[in-house]
Amino acid sequence: MDDAMTGQVDFALDGHVATITLNRPDKLNAITRQMAHQMEDAVACCNTEDIRAVIVTGAGERAFCAGTDVRQLDEYETLWDIRNREDYCGAIRRITRPVICAINGYALGGGLEMAMGADIRLASDTARIGAPEIKLGWIGGGGMAMHLSRSAGTSNAALMLLTGDPVDAGTALRWGLVSEVCAPDALMARAREIADTIAARAPIAAEHAKLNLAASASMPPAQAVQYELDLQTVAFATEDAAEGRAAFAEKRAPVFRRR
C-alpha cells in the first residue's frame with residue numbers, strides 16, 4: 001500500500017518543543033492502522049526525550065483529523081479485534097508532557113477524541129468539530145461522551161452526539177471545547193507561542209500540574225486537594241524549585257533543568 005493510502009505521522013523537535021503532524025491531507029488526515037502505530041512511536045519519543053511541550057496538528061488546510069479511516073474497519077476479523085484496535089486517541093492522553101492541539105480544520109470522530117485528549121486546544125476559525133459516528137450506526141469509543149460532557153456540558157454534548165452534526169469554531173469556543181480561535185495563518189504561530197511559554201517553565205512542575213488536572217476530574221474534592229498538596233510537596237523537593245526561589249531572590253530569569 002503506497003504512502004497516499006497509508007499516510008504518516010511526522011515528528012519534529014525544535015528545542016524543547018515537539019510537533020506531531022498527521023500527514024494525510026488528501027484524506028482529511030484520517031488515521032490508518034500504520035499511522036496509529038506511528039502515533040505510538042511519536043508518543044514514546046515525547047515521553048523519553050527532554051521535551052517540555054508538544055504540539056499536535058494536521059497537514060494541509062482542510063482538516064486536523066477526520067478520525068479513523070472507515071474503509072479499514074472491515075479489515076478486522078472480529079468485533080473483539082475492533083474493541084482492541086490501535087488506540088491513537090489514548091496515545092495523546094498518554095503523553096506526559098503538556099500537549100497543545102492546533103485544530104486546523106475538521107476534527108471529527110476519533111480526530112475530535114484525539115484533540116480532546118490534549119491539555120490545551122486552539123482552533124482555526126475555519127474549524128468544524130463533530131462526533132458523526134451516529135450517522136454511520138455507532139458511537140465514539142475513545143472517550144467522546146466523557147470529554148464532551150465535561151467541557152461543553154451534558155446538553156451540548158448530547159446535541160453533538162445524538163445529531164452527529166458538527167459545530168463551528170465560534171460555537172466550540174463558547175461551549176469551552178477550545179481555548180482560543182485564530183485566523184488560519186496565525187494558528188501554528190500561536191500554538192508555538194504557548195508551547196514556548198510552557199517550555200520556559202519548570203518542566204517537572206508543569207507535568208505535575210497536568211497530573212493534578214487529570215486526577216482532580218475523578219476525585220472527590222477533599223481527596224483532590226490532598227493530592228494537589230502531595231504533588232506540591234514533591235515539586236518543592238526538586239532542584240528546579242530551589243532554582244526558582246534563588247532566581248526570584250536574585251531578580252533574574254530562572255534556568256530550569258528538569259531536576
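In what order do the six strands of the open sheet run? Select them: the order is β1-β2-β3-β5-β7-β10, with mixed pairing. Strands here are DSSP runs of E, at least two residues, numbered from the N terminus. Two strands pair if DSSP finds at least two bridges between them. The edge strands, each pairing on one side only, are β1 (8-14) and β10 (180-182). From one strand to the next, the twist averages 20°; axes are lines fitted to C-alpha atoms, and angles run from 0 to 180 degrees between N-to-C directions.

A note on the model. It is predicted, so local features need pLDDT of at least 70 and side-chain atom pairs pLDDT 80 or more, while totals for chains, interfaces and linings use all residues. Residues are numbered from 1 along each chain as its sequence is written, and side-chain values use heavy atoms, leaving out hydrogens and water.

Next, select β7 (residues 120-124) and pick S124. β7 pairs with β10 in the parallel sense over three bridges. C182 in β10 is the bridge partner of S124. S124 is buried at 1% relative accessibility; buried means under 20% relative accessible area (1.4 Å probe, protein chains only). Show the side chains of S124 and T126: they make a polar contact at 2.7 Å. That term means a pair of N or O atoms within 3.5 Å, where within protein one must be able to donate a hydrogen and the other to accept it, and residues adjacent in sequence count only if both atoms are side-chain atoms.

Last stop: G130, in strand β8 (residues 128-130). G130 is buried, with a relative accessible area of 0%. Beyond four places in sequence, G130 touches A107, L108, G109, L112, M160 and P166 (heavy atoms within 4.5 Å).

Note on methods:
Helices (H or I, at least four residues) and strands (E, at least two) are DSSP runs, numbered from the N terminus. Buried means under 20% relative accessible area, exposed over 50%, partly exposed in between (1.4 Å probe, protein chains only).
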